[in-house]
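Subject: Structure handover

Hello,

Here is the structure for you to open. Please keep it on screen while you read the notes below.

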Amino acid sequence: MIIRVDKCSTFGIKKALTKSTQYLPKLLINKQLIPKINIGEAFQYLGKYFSFNMPDEHHKSELISLVEELMADIDSKPIHPKNKILLYTVDIFCQDYPGILQFLAYRKRGSPKTLIPKSTVNYIRKWLDIPISGTLSIVFLTRNKFGLSICPPSVKFIQCQTVLRKALKTSPNEAINDLWKATSNSKYIQYDVYNSTKRVLKDFCSGQEGKLHTQLTCQGSFFINITKFSLSQLTKIWSACQSNLPKNIFNFTVRYINNSLPTRQKLARWGLSPTSDCSRCLAPETPLHVVAGCQSYLERFTWRHDSVLNFLAISLQTVSGSHLYVDLPGYKSPSIITGDNYRPDFLLSTSTGTLYIVELTVGFESNLQKNVERKQSKYKELIREQNEHFNSVKFVNLSISSLGVFSKECCTLIEMLNDFGFQKQHQNYCIRRMTTIAIRTTYYIFCCRNKEWMNPELLTV
């Protein structure tokens, strides 16, 4: 066997009296001196660093360099933010990064805050256009809670600790079990409460939800309203629609939920605008005011409402044996049946003598439930009157938020589509299109704030 001296190194520790010290051994092979590891320096073996004092500086440095390199590489790619986040999850959490964290967990040194480079968060902010003042609590939530399912590195560190502690506890080797018991009174006992890595992620998301509920007023208000009053079975469809949006509109939805859109109120707080008032009505220019509240923008809100209504009308034209009445140009007016006292958005009478009254509302998220209650009260008498002329009358209270989130009452829409024989796939298609139209029209309204309105045609994406 040929041993190459240039591929070897020696590391020596000896005991002087009662104390161990590092020294420089002299070991020869074929009259050649093997290179020595100098006092205080480290050597690398199987990808890990070892030295006399066993500090973590080398591992931390390697960790930070590795993450910085990967994040810079992802950032340089001209791809959609959702794909950058996907690469962030795959590249960082599925390569050497977890191995380094696992080793640091084994070493029982450091903490997530000192081991994780802050640049990872800065890159996420950059990709999503979230300013430094904006919280990331929303994007850390799962997709069924209108988040982006981003797992921060600190959570991965805790998961590595959990895996290690569980391996010690459940090992078939009694000596390893004794090691777990011997360390159960240390500061790392906090990781023994977790049974799995999924539990770690679940508790983290619960903490973010708690933060939104108790600490963040504006973001918390949005989160509470959409989780409390939205139709949960359509949340996945909303997330799918969001992920298919172009980069600029995708980031708009994230900042909308995050309450970090550059309205005049925000710009004034950031010192970038001399006033926080709307140029049309002099009220504070908040996101609610721009996309659903300004009285000077009513024609814009009507354009968004009619764009959604127009798609629904086109979709239901195919129902055989039915008569369609829509409060839009080119359709028969609903007042033919209801008279001039009421003017619902949409009427559809079937051959079986059933009348569907559809009332569409597109408003701000905080008004989802209020709009439902208001329309129920408004059309209660109309429903009673029409019951005298039809076998049955069904009221479809279609309350959608400015960002395309469907209220719980929209389950009546699903029931109506089922009555018409729409397959599940067709129903989901209709929901996706209505959601996309709502998001895109809201984005256009926001981009045209403080500008003249050019009366565009109804959106038909």
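**The largest cavity**

The largest cavity has a lining made of Phe146, Ser230, Leu231, Leu234, Thr235, Ile237, Trp238, Gly404, Val405, Phe406, Ile431 and Thr435. Keep in mind that this is a predicted model. The volume of the largest cavity is about 70 Å³. The structure has 2 cavities of 30 Å³ or more.

Which helices supply the lining of the largest cavity? Helix H10 (235–243) and helix H19 each give at least two residues. H10 has the largest share of that lining, with 3 residues.

**The nonpolar cores**

Now look at the largest nonpolar core. It holds 47 residues. Trp127, Leu128, Val139, Leu148, Ile150, Tyr256 and Leu403 touch the most other members. Several helices give two or more residues to this core, including H1 (57–76), H5 (119–128), H11 (247–258) and H19 (424–447). H11 gives the largest share, 6 residues. Domain 2 (57–216) and domain 3 (232–460) each provide at least three residues of this core. As a general rule, in soluble globular proteins nonpolar side chains tend to be buried together.

Pick out leucine 128 next. Leaving aside neighbours within four places in sequence, leucine 128 is in contact with Pro81, Ile85, Val139, Leu148, Phe250, Asn251, Val254 and Arg255.

Another core, of 36 residues, lies apart from the largest one. Among its members are Leu398, Ile414, Phe420 and Ile437.

**Helix H18**

Ile414 belongs to helix H18 (residues 411–419), where Thr412, Leu413, Ile414, Met416 and Leu417 are buried. What do the buried residues of H18 pack against? They pack against helix H14 (298–316), strand E9, strand E10 (392–401) and H19. After H18 comes glycine 421, with a positive phi near 80 degrees.

Strand E8 covers residues 346–349. Are the faces of E8 buried or exposed? Both faces are covered. Phe346 and Leu348 are buried on one side, and Leu347 and Ser349 are buried on the other.

E8 is joined to strand E7 (residues 323–326) by 4 bridges, and these two run antiparallel. Leucine 324 has leucine 348 in E8 as its bridge partner. E8 is also joined to E9 (residues 354–363) by 4 bridges, again antiparallel. There, serine 349 stands opposite leucine 355.

How many residues lie between E8 and E9 in their hairpin? There are 4 residues between them. In the turn, glycine 353 has a positive phi of about 85 degrees.

**Tryptophan 180**

Last stop: tryptophan 180, in helix H7 (residues 174–182). Why does tryptophan 180 count as buried? The cut-off for buried is under 20% relative accessible area. Tryptophan 180 has 17% relative accessibility, so it counts as buried.

Not counting residues up to four places away in sequence, tryptophan 180 touches Arg165, Leu168, Lys169 and Asp192. Alanine 167 is 13 residues from tryptophan 180 in sequence. In space, their C-alpha atoms are 9.0 Å apart.

Best wishes

Methods:
Residues are numbered from 1 along each chain as its sequence is written. Side-chain values use heavy atoms; hydrogens and water are left out. Buried means under 20% relative accessible area, exposed over 50%, partly exposed in between (1.4 Å probe, protein chains only). Two strands pair if DSSP finds at least two bridges between them. A nonpolar core is a set of buried Ala, Val, Leu, Ile, Met, Phe, Trp, Tyr and Cys residues joined through side-chain atoms within 4.5 Å. Domain bounds come from an automatic or database domain assignment. Contact means heavy atoms within 4.5 Å. On a 1 Å grid over the protein atoms alone, a cavity is a set of points where a 1.4 Å probe fits but cannot get out, and a pocket is an open set with protein on both sides within 12 Å along at least five of seven lines; lining residues have an atom within 4 Å of a point. Grid points are joined across faces, edges and corners, and a volume is the space filled by probe spheres set on the points.
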